[in-house]
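Here is a short report on one protein chain. Keep the sequence and the 3D view open while reading.

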Amino acid sequence: MSLIETKSGKLQLGTFRKAIIWGVIASLFAYLIGHLFYMQVYAPDRLIQEGNNRVVRHYSYEPPRGYIVDRNGKILALSIPVKEVNADPKKLHESGVYQDKAAMNQLASLLDIDIKVLYKKTKNPKKRFVNLKHYLDFDKASSVKAICPEGLILVDTYKRYYPTGKVNAPLVGILNGEGAGIYGVEQSFNSYLSSHAQLDKANKDRYNHIVENLGTVQKGNQGGNLILSVDQRLQDLAYQKLEEAVTSNEADSGCAVLVDVKTGEVLAMVTSPSFDPNDRTHFDSNNAKNRTITDTFEPGSTLKPIVALAALESKATSWNEVFDTRPFIVDGKTVRDSHAMQSGTLKDIIQYSSNTGMARLSMRIGPHKVLKMVENFGFGHKSGTYLAGESSGKLNANRSFWSKIDEATLGFGYGISVTTAQLASAYATLASGGYRRPISVLKTIKPQEGAQIVNHRQIKYMMNALETVVSEGTGGKAAIERYRVAGKTGTAKIAKSGGYSNEYVSTFAGFAPISDPRFALVVVISAPKAGQFYGGVVSGPVFRDVMSHALQIYNIKPDRQIENSQQ
């Protein structure tokens, strides 16, 4: 570069060269300013994206699953906020916590896990994620986080809790590890109960603290709340009495369903044995199913009123006809009664549960007319509860051939299979004067719509016959002081491959009070082994205790006067 010597002897750049240098400097400034203007004003998206990548985070908030309550608002299932604890093994090793025995023992104690399990899960220093505990109570969260803030990650979640425990477990159900319902109401109404997470956007600092909320990316919603029709006061007592009966009779299982005749609502639905939904340590899937809708059995003598109504409706008999009720042979097999009598009217046959009388009547009208009436009462179809896993039972209506012995035994409840819920619905239909409506496990605003399926006059005669079962016949143990009770005992052998076993299903089905029926109740005890097996003896007392409690709780007016004893 050439320099010019001035008069004073100093060297300086020439004017042209100065212009070039200043021009270069100006060009650089212009380029920088233009580039900054381009990036920040004209096309700032990339810089904004880069900045957002460093500070903007998406985070989700999941509202709780809907709660489940009984008809009076008592909580049966709810979601409790808890923390899920995860670990970054690499951070635990780098921070020295893994090598600190005292810290690891404290962590194991707070998480309630074995120290060996904790060391095993976190021993690999290359791993970046491992789950330590799914549900940690909030009061322990700060203590856990303090042990290693960077190596322990606590996430908000929920734990499903069931305040009534075993009493409602098969009805209400439980959740799986993914938070979806399995068994019972939790499964049947899973979509309605489930919540949907909300996705929000925010500026966060280096410690993951929210500095500024930037809005919602995707809206979420809380799960719907479900009001069941059951009354927990009746559930508690029904479960207690049922469990006592199953235990004292050394039975395999038991079921009970109580229905409000006026509305079709299920007020109690219990099974035994049950399980603890809050402790899965000894979980048994057989005890988790709702046996009142899944398990089927042959109804035995509880079907006799419906068979009799089929004959009456087809005008094949009348209440005045006298039947020969002596034992007789069909296809080489003897049909006999446990309470022998020579003859009797239809009322006598119902009162003393005569198999021979009902067999003759069933053979007279044929299986198709019997099954048509049975189907009208709801058998062979789901009961209307909409509970997952419900069985429709089996009627064999399309059977091409019926032997004479099959026609005979159909008259006293063999050859078809039903559920406890179906039988309760059928007896609610008898109690309502032959008006059939579906039953519901959800609280209803108004009574379920239905249809009249039997002549109301015949039902009145049948009610009188069923009253004598309790007052004078085989159902004496179901009698309730000051109330007129209608009922029917049932004792049916349990089918097995190739025939029948020596075990029985003991049933009592009935309703009260007869003057204005309000409740229908069915109690089923499967395979009692303590010596007694007749339905009236095994299930009758449970019916009495539960039904009397329901009548008292709902303040139902007594319809039978107590006879005054003379001093």
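Two strands count as paired if DSSP finds at least two bridges between them. Strand β21 (residues 486–496) and strand β22 (residues 499–512) are joined by 10 bridges. The two strands run antiparallel. This is a predicted model.

Where does Ala 486 find its bridge partner in β22? The partner is Phe 511. β21 and β22 form a hairpin, with 2 residues between them. Gly 498 sits in that turn, and its phi is positive, at about 85 degrees. In a regular strand, side chains alternate between the two faces of the sheet.

## The chain as a whole

The protein chain has 567 residues, and 47% of them are buried. Its secondary structure comes to 21 helices and 23 strands.

The chain exposes about 28700 Å². Carbon and sulfur atoms supply 51% of that area.

## Helix α16 and its buried side

Helix α16 covers residues 367–376. Its buried residues are Pro 367, Val 370, Leu 371, Met 373 and Val 374. Why do they lie on the same side of α16? They cover an arc of only 160 degrees around the axis, and that puts them on one side of the helix.

Gly 378 follows α16 and has a positive phi, near 105 degrees.

## A nonpolar patch on the surface

Ile 21, Trp 22, Ile 25, Phe 29 and Ile 33 make a nonpolar surface patch of about 530 Å². Trp 22 lies in helix α1 (residues 15–42). Is Trp 22 buried or exposed? Its relative accessible area is 59%. The cut-off for exposed is over 50%, so Trp 22 counts as exposed.

## Salt bridges

The count of salt bridges comes to 20. One of them joins the side chains of Arg 518 and Asp 260, at 3.2 Å from N to O. Arg 518 lies in the loop between β22 and β23 (519–526), while Asp 260 lies in strand β13 (residues 253–260). The pair therefore ties together parts that are 258 residues apart in sequence. Asp 260 is buried, at 4% relative accessibility.

Another salt bridge joins Lys 262 and Asp 516, with the closest N and O atoms 2.6 Å apart. Lys 262 is in the loop between β13 and β14 (266–272). Asp 516 is in the loop between β22 and β23, so this pair ties together parts that are 254 residues apart in sequence. Both residues are partly exposed: Lys 262 has a relative accessible area of 37%, and Asp 516 has 43%.

## Sequence neighbors and a network

Asp 545 forms a salt bridge with Arg 544. The closest N and O atoms are 3.2 Å apart. Asp 545 is partly exposed at 23% relative accessibility. Arg 544 is partly exposed too, with a relative accessible area of 29%.

## Backbone exceptions

Most residues other than glycine have a negative phi, and most peptide bonds are trans. Several sites here depart from that pattern. The peptide bond from Ser 272 to Pro 273 is cis, with omega near 5 degrees. Pro 273 lies in the loop between β14 and α11 (285–288). The peptide bond from Ala 512 to Pro 513 is also cis, with omega near -15 degrees. Pro 513 is in the loop between β22 and β23. Arg 518 and Asp 516 are placed in that loop as well.

Glu 250 is not a glycine, yet its phi is positive, near 50 degrees. Glu 250 is found in the loop between α10 (232–248) and β13. Asp 331 is not a glycine either, and has a positive phi of about 50 degrees. Asp 331 sits in the loop between β16 (328–330) and β17 (333–335). At 48% relative accessibility, Asp 331 counts as partly exposed.

Conventions:
Residues are numbered from 1 along each chain as its sequence is written. This is a predicted model: local features need pLDDT of at least 70, side-chain atom pairs count only at pLDDT 80 or more; totals for chains, interfaces and linings use all residues. Side-chain values use heavy atoms; hydrogens and water are left out. Helices (H or I, at least four residues) and strands (E, at least two) are DSSP runs, numbered from the N terminus. Buried means under 20% relative accessible area, exposed over 50%, partly exposed in between (1.4 Å probe, protein chains only). Accessible areas come from the Shrake-Rupley method with a 1.4 Å probe; for residues, only the protein chains shown count as cover. The arc is that of the directions from the helix axis to the C-beta atoms. Patches are made of residues with over 30% relative accessible area and no salt bridge: like charges are joined within 9 Å, nonpolar side chains (Val, Leu, Ile, Met, Phe, Trp, Tyr) within 5 Å. A salt bridge is a side-chain nitrogen of Lys or Arg within 4 Å of a carboxyl oxygen of Asp or Glu.
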